[in-house]
Amino acid sequence: MTTELNVKSQEEFSDLIDQRDFRIAQAVVETILNNISSKKKNIHVLTVNCEEENESYDVTIDSKHFLDSLEQMLPYYIKEEKYEDCQTIANTINMLKNNNK
C-alpha cells in the first residue's frame, strides 16, 4: 500500500519535515516494518504530490538505513503516545542490532 501526501508546494513539504509531521514518520515506520525481510535495497516510502508544481516525488529508503531510521522515528511515536507501536519499533531495533553483530 502506497502512502500519498498531497501538499501545495515543495516548500510546504519541507515545512512538514521541519515540523516533524507524524504522517511522514508513520509512513517511514510502516514501510520499514512491512519490508523488514525484503531483499530489496531501496524501498518506496511515500509519494508526495505537489499541487502548484504539478509534480509528484517518490521518497525511498535504503534498507541499510532501517535501523537508524527506526531509532530516529521512535520519539515521534512516544510523543503521539503510540506505546504499542513503540514496543514493536523497539523490538525491531533490537532485532536489527542483533543481526548486525
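A contact here means heavy atoms within 4.5 Å. Keep that in mind as you click around this model, which is predicted: local features need pLDDT of at least 70, side-chain atom pairs count only at pLDDT 80 or more, and totals for chains, interfaces and linings use all residues. Residues are numbered from 1 along each chain as its sequence is written, and side-chain values use heavy atoms, with hydrogens and water left out.

**Stop 1: Y77**

Select Y77 and show its surroundings. Which residues does Y77 touch, leaving out those up to four places away in sequence? They are F22, A25, Q26, V29, K82, D85, C86 and I89.

**Stop 2: the ring partner**

The structure holds 1 aromatic pair (ring centres of Phe, Tyr or the six-membered ring of Trp within 6.5 Å; planes under 30 degrees apart are stacked, over 60 edge-to-face, the rest tilted). F22 and Y77 make up that pair, edge-to-face, with 4.9 Å from centre to centre and 65 degrees between the planes. It joins distant parts of the chain, since F22 sits in helix α2 and Y77 in helix α3, 55 residues apart. Both F22 and Y77 are buried (under 20% relative accessible area with a 1.4 Å probe, protein chains only; exposed is over 50%, partly exposed in between).

**Stop 3: the core**

Next, select L5, V7, I61, L70, Y77 and I89. Of the 28 residues in the largest nonpolar core, these touch the most other members. Such a core is a set of buried Ala, Val, Leu, Ile, Met, Phe, Trp, Tyr and Cys residues joined through side-chain atoms within 4.5 Å. In soluble globular proteins, nonpolar side chains tend to be buried together.

**Stop 4: the whole fold**

Zoom out and switch to cartoon view. Helices (H or I, at least four residues) and strands (E, at least two) are DSSP runs, numbered from the N terminus. Of the 101 residues, 36% count as buried.

**Stop 5: two loop residues**

Most residues other than glycine have a negative phi. Select N54, in the loop between β2 and β3 (55-62): its phi is positive, near 55 degrees. Is N54 buried or exposed? N54 is exposed, with a relative accessible area of 70%.

Finish at E81, in the loop between α3 and α4. E81 is not a glycine either, yet has a positive phi of about 60 degrees. E81 is exposed as well, with a relative accessible area of 55%.
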